[in-house]
Amino acid sequence: MLPTESVDTRHLPPADRWPFWLDLAARAAAPTDMSSEHADGFRATARFVDLDGLRLTRFRYQSLSARRTPKLIRRDDPDVYQLALPLTGASRISALRRDTAVGNANFTFLDYRRPHQVRHNGADDGRTPASSVTVVLPQSLLPLPARKLDRLAAAQLSGAEGVGALLAHHLQHITLHPEQYAAVEAPRLAGITLDLVSALLARHLDAETTLPVEVRQQTLRHEVYAFIDRHLNDATLTPQTVADAHHISVRSLHRLFAGEDETVAQLIRSRRLERCRRDLADPRLTNRAVQAIGWRWGFTDKAHFSRAFRAAYGMSPQTYRQAQELARSVNPVAPTDNGPPAYWPLTG
């Protein structure tokens with residue numbers, strides 16, 4: 001799997017937890033001046049995923065304040081940026097004379113060469129912690145001028161729409177499920193991450209035309225993939241509707257995917273078939289008719305659905321479902337342990 005490190009301060013004596021966390025946070029990005037009203041017996045979890053020079057992190061903690069002061073910057077200047085996505089709790093950031101209360105599902109951008117202050121608290125009742133996902137990347141990798149990026153200090157960047165939503169989903173999925181990827185995929189995932197980060201920042205700077213052509217094309221492909229996945233249940237989904245939704249011609253769409261393994265039409269069909277295969281194997285859906293599953297994912301013609309499924313998987317949808325039922329009866333899957341019993345699990 002991807003290079004991953006997971007920690008939970010509950011496994012340490014209460015007196016050791018805060019010093020351990022300070023060292024951990026410094027390694028995650030850069031040394032900061034940290035404080036917390038919960039430092040005594042500090043409860044927190046973190047998962048770090050390394051992607052070929054980029055570091056993704058999923059944090060959970062009770063409350064935290066962090067400052068990068070001019071003194072710390074003079075002592076340690078790591079030349080890194082951080083993009084943070086608060087998931088729960090109340091977050092606030094101050095930098096370059098701007099102070100912003102950050103809503104959950106909105107990104108914030110930090111330059112570790114610039115002084116800044118961040119505060120992130122859990123709920124007042126103490127039961128719901130603060131949580132976030134971050135990506136730290138070397139400044140040299142970002143194809144945008146540093147002087148322009150100062151405009152984004154302490155700004156909110158939407159993680160709920162457009163490329164921001166793609167990046168939010170991408171970061172959350174990798175940090176929740178690093179086991180779904182092989183270590184050799186790290187460079188490819190790093191490239192995708194960097195493209196999405198660059199596109200998000202450029203969009204908020206109105207500087208998309210300054211990005212390399214290949215970055216813009218790759219970002220548009222990611223947007224097309226996400227659009228197709230969201231609309232697989234729409235029987236009218238075609239290359240034309242995909243092109244229209246992205247304000248390009250069908251010819252431009254085909255050129256965009258010229259170097260990919262599948263055409264857009266093949267991509268729509270293969271992803272629909274994969275959703276059908278998954279539903280047919282789901283024991284919770286055994287009472288749902290095979291054709292109803294085909295309809296759910298855009299196959300309006302029963303015979304066409306059966307032919308397409310057989311061509312992809314070597315058997316009819318009904319035979320595939322029966323084979324899955326037989327396999328479960330012969331070798332039922334035992335419950336698995338998803339990790340230590342959690343005060344706050346890393347998932348969610």
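View 1. The model is predicted, with local features requiring pLDDT of at least 70 and side-chain atom pairs pLDDT 80 or more, while totals for chains, interfaces and linings use all residues. Residues are numbered from 1 along each chain as its sequence is written, and side-chain values rest on heavy atoms, without hydrogens or water.

**View 2. The largest nonpolar core.** This core comprises 41 residues, and the most contacts inside it belong to Leu 51, Leu 83, Phe 107, Leu 149 and Leu 201. A nonpolar core is a set of buried Ala, Val, Leu, Ile, Met, Phe, Trp, Tyr and Cys residues joined through side-chain atoms within 4.5 Å; buried means under 20% relative accessible area with a 1.4 Å probe, protein chains only. Two or more residues each come from β3 (44–51), β4 (54–61), β6 (80–88), β9 (106–111), β11 (130–138), α4 (162–176), α5 (186–205) and α6 (213–230). Helices (H or I, at least four residues) and strands (E, at least two) are DSSP runs numbered from the N terminus. Helix α5 supplies the largest share, 12 residues. Apart from this core lies another of 26 residues, including Tyr 225, Ala 243, Val 264 and Tyr 320.

**View 3. Crossing of α5 and α6.** The two helix axes come within 9 Å and cross at roughly 100°, so α5 is roughly perpendicular to α6 (65 to 115 degrees). Axes are lines fitted to C-alpha atoms, for helices over the stretch in contact, and angles run from 0 to 180 degrees between N-to-C directions. From α5, the contact involves Ile 192, Asp 195, Leu 196, Ser 198, Ala 199 and Arg 203; from α6, Val 215, Gln 218, Thr 219, His 222 and Glu 223.

**View 4. The open five-stranded sheet.** Its strands follow the order β2-β5-β10-β7-β8 with antiparallel pairing, where pairing requires at least two DSSP bridges between two strands. Strands β2 (33–35) and β8 (98–102) are at the edges with a single partner each, so one side of each lacks a neighbour in the sheet. The twist averages 10° from one strand to the next. Six bridges join β5 (residues 63–68) to β10 (residues 116–121), and Arg 68 has His 116 of β10 as its bridge partner. Helix α1 (residues 14–28) lies across β2 and β5, at about 145° to β2.

Methods
Contact = heavy atoms within 4.5 Å. Buried < 20%, exposed > 50% of the residue type's maximum accessible area, 1.4 Å probe, protein only. Parallel < 35°, antiparallel > 145°, perpendicular 65-115°, else oblique.
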